[in-house]
Amino acid sequence: MNSYTVILFVALILGFYFSHRYAWWKKAVPYKHPRILMYHMIREPVHGAKFNSLRVSPKNFEKQIKYLFENGWQFFTMTELIKTRNTLPEKSVAVTFDDGYEDNYTNALPILKKYHAKATIYLVVDRHNREWSSKRKKKNNNNELMHEPKLQDEQVEKLIESGIIEIGSHTLTHDNLPTLTIEKKHEEIIDSRNLIKEKFNIECESFCYPFGLYDEVDLKMVEQAGYISATTVEKGIDDFSIANPYILKRITLSGKDNFYAFILKLKMGRRGIKK
Ligand SMILES: [Zn+2]
């Protein structure tokens, strides 16, 4: 091979790689369909940690929220999104946080305020000193997420007082719902809602399945409990005129995404073919 052939070959390989990684040629999902963004922690990554995809740095988070603000996106809480589903403007977005990490208050709230944004936090009611990652995969038992500071109840109250945060339920203990008995499902889905209502004196209308896992019984129980929506971890963007509000897709924002990946995900629901 001469050097020209080598360069052409390398360019082709790179072309295929980036094409598969970013799939930029795909069409945007129409902007009349709202985007639901899924975050966990807003904090710096931890060197060598397993779950850094769940840690979006404050700098990157600010860049993303600023972009939404400056490009005509309108922020809604999950309840607002569902209740106004027939009259939503183009470029509607709901920012959601799972689990209830302390940085949602210390790091995310000031950024959300700065750009007049809103968000929904899906709170695990009994969230302190609890190891839940092994409920999905046994090998995930390194206690990394257990040691991550969670919101104190006083901080949840301050989030509510801000007027821009909705609190939803992410169950009582972040268990794996399809593996549970009816009694346990009841505790996780219904008791968690009642506890949030009583403890914080608010409505609790939004639900999020731990690990995105649910079965037919869970689905029915969530609806009968009085929630008006539930989100999964299935990647994508729903057409709200036909979507089942109890299995809503979301756009997964990872701490490993660059800004280009964020833009593509916002446009198409995912980055590339799979992510
Ligand atoms: Zn979770």
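Which residues coordinate the zinc ion? They are D99 through OD, H170 through NE2 and H174 through NE2, at 2.1 to 2.2 Å. Donors here are N, O and S atoms within 2.8 Å of the metal (3.2 Å for Na, K and Ca), and water is not among the atoms, so sites may look incomplete.

Before going on, hello everyone, and a word about the model. It is a predicted one, where local features need pLDDT of at least 70 and side-chain atom pairs count only at pLDDT 80 or more, while totals for chains, interfaces and linings use all residues. Residues are numbered from 1 along each chain as its sequence is written, and side-chain values use heavy atoms, leaving out hydrogens and water.

Along the sequence, its donor residues follow the spacing D-x70-H-x3-H. D99 sits in strand β5 (residues 92-99), and H174 in the loop between β7 (165-169) and α6 (182-200), so the pair links distant parts of the chain, 75 residues apart. Helices (H or I, at least four residues) and strands (E, at least two) are DSSP runs, numbered from the N terminus.

Are D99 and H174 buried or exposed? D99 is buried, with a relative accessible area of 2%, and H174 is buried too, at 3%. Buried means under 20% relative accessible area, exposed over 50%, and partly exposed in between, with a 1.4 Å probe and protein chains only.

Now N176, which lies in that β7 to α6 loop as well. N176 is buried, at 10%, and its side chain reaches the backbone oxygen of K135 at 3.0 Å.

Technical notes
A polar contact is a pair of N or O atoms within 3.5 Å; within protein, one must be able to donate a hydrogen and the other to accept it, and residues adjacent in sequence count only if both atoms are side-chain atoms.
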